[in-house]
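Please look over the sequence and the structure shown here before reading on.

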Amino acid sequence: MIKAFMESFKIAVTSLLSNKIQSLLTMLGIIIGVASVILIISIGAGAQSLILSEIKSLGTNLIAILPGHSEEGSFSPTNSFGVTTLKYEDALALTDNRDIPNIEAVTAYSKGFGVVEWKSETYNTTLTGTTASHLDVMGGDLEEGHFFNSEEEKRFIRIAVLGSAVRKELFGYSDAIGQKIKINDYVFEVIGVMKERGNVILEDYDDQIFIPLRTAQRILGVNYVGLIRVKVTSEEDIYQVEENIKTILREQHDIKNRKGENDDFMVQNIAKALDMITEITNSLRYFLAIMAGLSLVVGGIGIMNIMLISVTERTREIGLRKAVGAKSLHVLGQFLMEAIFVTVIGGVTGIILGIILSILIATGAHLLGYDWDFIISLNSIFLALGVSAGVGLFFGFYPAVKASKLDPITALRYE
Amino acid sequence: MSLIEVKNLKRTFGEEVKTYALKNATFNIDEGEFVAIMGPSGSGKSTLMHILGLLDRASGGDFKFNNKKVSNLDDNELATLRNEQIGFVFQSFNLLQRTTVLDNVTLPLTYSKNNFHAKQRAEEVLKKVGLGHRLHHYTNQISGGEKQRVAIARALVNNASVILADEPTGNLDSKSGAQIMEILQKLNDDGNTIILVTHETYTAECAKRIIKMKDGEIISDKKLSNQRRAHNNDTIK
């Protein structure tokens, strides 16, 4: 049995080597398919870890409160759109509330569109109204000047802290601190510039202007906030604090239903968000991997096609083999072995190609400044190998059976 | 006991309208014989040869090979018998392309249980047919006559009981053809049983016995008193 297997293997290798170009072309479909599966799984894992690590870098002890209602267990940021139920007073009610221990800091946001002018320069950016505790919750360092404190925040004075990109656009190399700028036609004084920070949770912190919340609400003409963020002293307390927040906000909003059915706000923590994002990116990854896997099926059909041609081309060879004593099983084994051999060699080449491309992409992403992990899982390699061998077996079977059933006489006579 | 015993052998084609390619063939072939089966095309000689070579099955009659009733054997048993007992030489050589002479000759051994020392045995038979210097040439690098000699070596490598040669000189010039016939005669001198299918009188007369066929029937079966010896001065270098 093992000897017969070795013989089929030897015959398959010999006949593949004697048809190099054809074998290579047959392999190409599998090579591309396997390489793209490996590449996509790797890119998916890299992108996922990039997003997750970015979120984690904020700390997993943050709670976000958004306006709007969501069903229990689900969370949908789109439900917040146009909802005005969340107020600055809600944030105040949570700040220093003796009923909720373990809260470290609370901040709130009202965002809008800002047209900033200085001398002849004009720049469009995001106007972020927030509280002095913004830095306590979200972190961030100042390049120069200072962030507004709670005193300044409450006095409605028009002061602004610039993101590094805004500062660059407006002032270039000139001094920014103490300059008067116009934001949506109101004059503001620049009191600070933030250090470059990049994207945090898909939000560009460099391309923003921070002004006191109350001032922002006046300029934007709104009386609500879009987001309240709470920082909890330690991660373990997060679910307890969430429950307490819900209780307080229900009191604030005069909601009698304690089960949350009438809530006009949504409470979300980073850990939950991480789970959600992992879930979304996972399904995206698998979807893409399946799409790439489909190309393997296409490759398999290519193999079947070329093998059918090969069976016809080699009819006389098959006839001869049978005449000199090959049994149907030998011929079947030879052709199956050839198909599997082609796909496995193609699979291995594809894996190597996929890994090389993944490394190139990881290197490229590093050069662009992303903290991109190069991830190749053993699973994806075994999967690719197994699938390609399976493709060979599946798509090679029909041509091999056809070959094995050839009648030696007709095969020998075939011109 | 003869090597091949054939009695009332029939072969028909078609289901409703039966065409007889072979009718009531009866003869024996003993070990060591050199038999030529002669006849024009369509006479049924190829059909007979395919049945004798265990490539095809008869539609009726008896066929015993080495005292074994062939009709009782299944396809795999036939394949094993072909592998161990029969050596084929075809008109169009049927060598594997892009493969060396040596590997072509070892081919039957890859399907055999006793494939020990396959290379050495292949080398031996290749030397026997005068191709000791061509072992590692590819089949597209050698002449037609040499190709047919490779085919003969392939037929010999398993120590077959009988060599079936189907128009072995048909694709060759007369000089190479004579060489092939001389080799076959030498093999017969050494005790090999040879069945030759041909339509050429010259080639047939190299055998010791001629079975003539016409329209699927044997019309004569004669032993030759004076066998023609194939000669060519530069046959084997």
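**Chain A in outline**

The model is a predicted one. Chain A contains 13 helices and twelve strands. Of the 415 residues in chain A, 38% are buried. When contacts in chain A between residues at least 6 apart in sequence are considered, 82% of them join residues at least 24 apart.

One residue pair may be looked up in the display. M291(A) belongs to helix α9 of chain A.

**The contact between the chains**

In the contact of the two chains, 17 residues of chain A meet 20 residues of chain B. On the side of chain A that touches chain B, two or more residues each come from α1, α10, α11 and α13 of chain A. The largest share of that side, five residues, is supplied by α10(A). By type, the residues on the side of chain A that touches chain B are eight nonpolar, four polar and five charged.

The buried residues are E317(A), I318(A), G319(A), L320(A), R321(A), K322(A) and A323(A). Their cover comes from both chains: it includes α11, α12 and α13 of chain A, together with α2 and β6 of chain B. After α10(A) comes G325(A), which has a positive phi near 120°.

| α1(A) | 2-17 |
| α10(A) | 315-323 |
| α11(A) | 328-367 |
| α13(A) | 408-413 |

**Helix α8 of chain A**

Helix α8(A) comprises 15 residues, 238-252. At 1.5 Å a residue, α8(A) should span 21 Å, and its end C-alpha atoms are 21 Å apart, which agrees. The buried residues in α8(A) include I238(A), V241(A), I245(A) and L249(A). These four lie on the same side of α8(A), because they cover an arc of only 70° around the axis. An α-helix has 3.6 residues a turn, so residues three or four places apart point the same way. The buried residues of α8(A) are covered by elements of chain A including β1, α3, β2, β11, β12 and α9. The face turned away from the buried side of α8(A) carries the exposed residues E243(A) and E251(A). Just after α8(A), D254(A) has a positive phi of about 60°.

**A helix pair in chain B**

In chain B, helix α3 (residues 101-110) packs against helix α4 (residues 118-128) at an angle of about 115°. The axes of α3(B) and α4(B) are 9 Å apart, and the crossing of α3(B) past α4(B) is right-handed. To the contact, α3(B) gives V101(B), L102(B), V105(B), T106(B) and L109(B). From α4(B) come A118(B), K119(B), A122(B), V125(B) and L126(B). The residues of this contact of α3(B) with α4(B) are eight nonpolar, one polar and one charged.

Conventions
Residues numbered from 1 in each chain as written. Chains lettered and ligands numbered in written order. Predicted model: local features only at pLDDT ≥ 70, side-chain atom pairs only at ≥ 80, totals over all residues. Contact = placed C-beta atoms within 7 Å. Nonpolar A, V, L, I, M, F, W, Y, C, P; charged D, E, K, R; others polar. Buried ≥ 20, exposed ≤ 12 C-beta atoms within 10 Å, placed from the backbone. Expected span 1.5 Å × (residues − 1). Arc of directions from axis to C-beta. Axes fitted to C-alpha atoms, helices over the stretch in contact; angles between N-to-C directions. Left-handed = near helix turned anticlockwise from the far one by under 90°.
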